[in-house]
Amino acid sequence: MLRKQISLRLPWFTASVVALALSTTTALAEPFWTETANGPAMRGKAETLPDFVDLAAKLSPAVVNVATEQKNLPRVDAPHEDESGDGPPGQPFGDDDPAHPRSLGSGFIISADGFILTNDHVVENAQRIVVTLQDGREFKARVIGRDEKTDIALIKIDATGHLPVAPLGDSDGVRVGAWVIAIGNPFGFDHSVTAGIVSAKGRFIPGNYDDFIQTDASINPGNSGGPLINEYGGVIGVNSAIFTRTGANMGIGFAVPVNLVKAELPELRSLGKVVRGWLGVYIQPVSEAQAQAAGLSLPRGALVTEVIDNSPAKAAGLRHGDIIVQIDQHEISESQQLPLMVGNVPVGRNAILTVIRDRATRKIPIVITPSHEAELASLESGSRKAPLALGLAVKQVDANLAHELDLPATRGIIVAAVDPDSPGAIAGLRPRDVILEVDREPVKDLDDWRHALDHAANENITLLLVRRNRGTVFITLHGRG
């Protein structure tokens with residue numbers, strides 16, 4: 001599957017929302033997946049160019065073809081995000097064009113009773129999922145759990161007889177330069193095997209929760225959800241995204257680290273989702289000048305640019321200008337690390353933040369509380385029941401919603417849904433656009449929105465200023481039917 005190129009939501013050095021804590025309260029006594037012994041104890045056993053023949057023969061049977069029939073969704077044609085071609089070309093694999101409701105991806109079996117890992121975007125909006133094994137057997141699959149933020153889904157098939165299993169390895173122990181192979185279904189060519197090395201670790205792609213493993217093993221559309229495997233036969237990552245300007249492999253691929261996935265699996269199995277929490281702050285990297293002003297020898301930590309009202313950070317007494325350098329004694333060298341470190345704190349548990357304020361070090365206890373995922377669900381579903389003006393269902397942006405959607409501001413009206421063939425759809429408005437002005441008049445809330453629409457009722461043309469991803473665009477609506 002090949003999705004359209006997407007512009008990621010945040011630029012590399014723009015303030016981002018620190019959210020997200022994985023709850024470990026549902027951890028199981030015994031993992032339900034299969035693991036393999038690998039890591040430092042195995043090093044030195046493959047000092048020459050490895051032979052992947054046996055490895056491919058052993059693990060290919062555990063890799064499956066995941067075909068889905070997707071729900072027909074309304075299509076909204078809109079201008080390209082960046083017609084210059086200079087925008088970030090990070091791109092998950094897939095094709096969400098409603099004109100092609102069938103999609104194809106990869107997955108791999110992690111337990112003998114039929115649990116399968118794949119990407120969330122492979123099964124997103126799926127009405128029917130069919131899993132095909134290498135031996136030709138086909139099974140209907142059902143979704144057990146999904147997590148959009150890490151692009152991971154757990155699905156299940158009910159099969160009799162032997163099921164081959166791909167054991168999960170240790171992504172933390174993987175070193176840059178290590179040999180890896182990828183197995184999947186690029187362009188529908190099932191069970192293709194490619195080899196390469198780990199190019200980098202800890203790659204942060206703006207707007208994503210993961211710190212990805214980067215590889216130059218050739219991966220292409222259709223590899224979504226397939227395994228990235230080390231030379232000892234352990235899955236170290238789930239292939240999820242590519243860096244491309246052409247839609248095909250350019251030698252840079254990204255995989256979700258398997259240790260992050262293993263932390264999610266118990267909740268995906270028992271709850272069907274991952275429960276997260278948040279601190280409730282906007283952050284940005286610490287510059288050299290800011291580090292010197294704070295008394296730090298080197299730039300490190302996460303600079304708090306805003307504290308959201310009614311958040312755990314507000315209750316704990318965090319302030320604008322604080323630099324968070326540790327959480328529970330774990331050092332924060334880069335600001336992007338903070339969300340993942342919060343992810344290691346169970347929801348509802350106390351954590352200790354080490355903060356630099358006025359050149360002094362402070363220890364601040366904070367309680368990690370659940371995030372507001374339900375806000376997003378109500379945004380998508382409940383808003384569609386309201387009368388549509390300009391063919392748009394809208395919702396007022398508040399601090400919590402801005403946090404959930406990684407919006408840089410807490411004012412304006414967010415587009416929740418666009419009615420097909422409406423003036424809004426024809427003009428190119430999209431869900432998650434934030435309307436800032438109507439006919440040059442600021443729109444801060446729903447009252448401003450209604451007033452602006454009433455004022456423009458007799459006009460044939462309405463000019464909207466819209467925030468979209470990294471910038472703002474003017475959109476002209478012709479006619480208000």
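The buried residues of helix α10 are covered by elements that include the strands β22 (392-396), β23 (413-418) and β24 (434-438), where buried means under 20% relative accessible area, exposed over 50% and partly exposed in between (1.4 Å probe, protein chains only). Helices (H or I, at least four residues) and strands (E, at least two) are DSSP runs, numbered from the N terminus. The model is predicted, local features needing pLDDT of at least 70 and side-chain atom pairs counting only at pLDDT 80 or more, while totals for chains, interfaces and linings use all residues. Residues are numbered from 1 along each chain as its sequence is written, and side-chain values use heavy atoms, with hydrogens and water left out.

Within α10, which spans residues 446-455, the buried residues are W449, A452 and L453. These lie on the same side of α10 because they cover an arc of only 100 degrees around the axis, the arc being that of the directions from the helix axis to the C-beta atoms. D447, H451, D454 and H455, on the other side of α10, are exposed.

When residues up to four places away in sequence are not counted, L265 touches F32, W33, I110, L117, L154 and L168, contact meaning heavy atoms within 4.5 Å.
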